[in-house]
Amino acid sequence: MASLKDMRNRIASVKATRKITKAMQMVAAAKLRRAQEAAQAARPYAERMDGVLANLASKVADKNSAPVLLVGNGRDQVHLLIVMTAERGLCGGFNSNIAKLARIEANKLVAAGKTVKIMTVGRKGADNLRRDLGKNIVERKDFQGIKQLNFSHAEGIANTVLGMFEAGDFDVATLYFSEFKSVIAQKPTALQLIPAKIPESKGDAVKGAAAVHEYEPSEEQVLGDLLTRNISTQVFRGLLENAASEQGARMSAMDNATRNAGDMINKLTIKYNRLRQANITKELIEIISGAEAL
Amino acid sequence: MAGTFKFELVSPERVLMSVDADQVVVPGADGDFAVLAGHAPFITTLRPGVLDVTSGGSKRRVLVKSGFAEVDPTRLTILAQSAFDVDELTPSVIASELKTAEADLASAKDDAARSAADALISELRRLGPKAA
């Protein structure tokens with residue numbers, strides 16, 4: 001049975017833990033706001049890009065001469081999964097949820113006889129997938145020590161992916177990241193990168209009549225240029241969504257931890273007080289019965 | 001046609017500029033062109049160069065490194081990979097940009113990349129002494 005001193009120590013240590021989780025929660029909340037702002041600020045660019053791309057893609061009538069980034073290279077054998085996770089843990093199921101989604105997909109593809117290659121972005125994803133899919137990991141990028149993500153990071157990833165595609169290392173690329181729904185909800189998402197998934201242009205009938213664009217140098221060249229750029233934009237979007245999701249997940253995980261620690265402190269304090277009273281009562285009984293015996 | 005049009009300069013990270021402009025000179029891939037209100041719809045890629053924005057009497061010059069422009073009769077949207085306000089360009093920034101551009105030129109694989117890097121270098125050289 002634990003002594004009073006042991007219990008006091010225990011309570012003190014849980015209190016210290018609560019302080020740490022509380023601090024982490026507040027840090028995550030502050031970072032979340034910044035990450036959300038960054039994600040929001042990046043939205044106009046992506047939206048315009050989507051708009052122009054959808055417009056252009058609908059014009060490409062002849063599928064045979066269309067750029068390979070748009071229609072694919074016609075094969076479906078080698079799949080590249082780009083798994084984007086966080087650099088750090090302690091954020092609930094954030095990392096493992098993304099890894100799980102990618103793992104299920106990888107196993108499905110392997111079962112279907114396809115070749116699976118994995119590129120991990122972020123240390124935690126690599127750690128998670130290394131155990132069973134380690135031999136499939138062909139490339140890993142870590143962002144350790146980088147405070148603010150910017151577009152050049154996304155470009156770096158995109159250039160690696162494009163280089164691999166040009167070298168014929170894979171046929172289909174899919175991006176795995178966590179979509180930021182709200183502070184408490186993050187959804188692991190798969191997004192097909194190559195061949196590009198072009199969003200259906202909205203209200204095309206209205207817009208199409210009004211805007212018949214000229215293209216310079218030519219439609220094909222503009223489209224080709226845009227498609228390469230689109231890869232980095234999508235990667236960048238994934239990175240930002242991921243950053244916001246990570247902080248959101250960490251915030252709610254730490255909130256839970258803080259609450260659990262509080263509950264634990266309450267329980268321990270009650271136990272401690274009971275034990276203290278029991279000890280006092282026991283001592284009194286000993287004194288009284290000692291006095292009576294005289 | 002007189003009047004202003006909506007001009008937006010958007011980088012992947014944020015909206016850099018959103019003003020009603022009178023005239024913008026854009027360094028298009030096939031040559032510079034000026035956009036006034038009522039310009040015909042037009043999409044082009046950009047080469048590295050300087051955007052000349054005139055709005056309500058004030059002028060701003062912005063250096064853009066590749067991107068593309070979407071022109072509508074009432075709107076001009078420039079999606080730029082990266083952009084610097086020329087007035088805020090310090091010699092040290094120019095020097096570091098020159099260095100990366102030269103590295104790009106050295107490692108450029110095809111003609112398009114080479115000419116883009118080359119254009120950026122000459123543009124930076126031109127801006128260099130004035131900003132210093």
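Student: Which element gives the largest share of the lining of the second largest pocket?

Tutor: This is a predicted model, where local features need pLDDT of at least 70, side-chain atom pairs count only at pLDDT 80 or more, and totals for chains, interfaces and linings use all residues. Residues are numbered from 1 along each chain as written, chains are lettered from A in written order, and side-chain values use heavy atoms without hydrogens or water. Seven residues, the largest share, come from α7(A).

Student: Which parts are tied together by the aromatic pair of F151(A) and F236(A)?

Tutor: Rings of Phe, Tyr and Trp (its six-membered ring) pair if their centres lie within 6.5 Å, and planes over 60 degrees apart count as edge-to-face. This pair is edge-to-face, at 5.2 Å centre to centre and 85° between the planes. Because its residues are 85 residues apart in sequence, the pair ties together parts in two DSSP-run helices (H or I, at least four residues): α5 and α7 of chain A.

Student: What is the relative accessible area of F42(B), and is F42(B) buried or exposed?

Tutor: F42(B) forms an edge-to-face pair with F33(B), 5.1 Å centre to centre. Buried means under 20% relative accessible area and exposed over 50%, with a 1.4 Å probe and protein chains only. F42(B) is therefore buried, at 9%.

Conventions:
Rings of Phe, Tyr and Trp (its six-membered ring) pair if their centres lie within 6.5 Å; planes under 30 degrees apart count as stacked, over 60 as edge-to-face and the rest as tilted.
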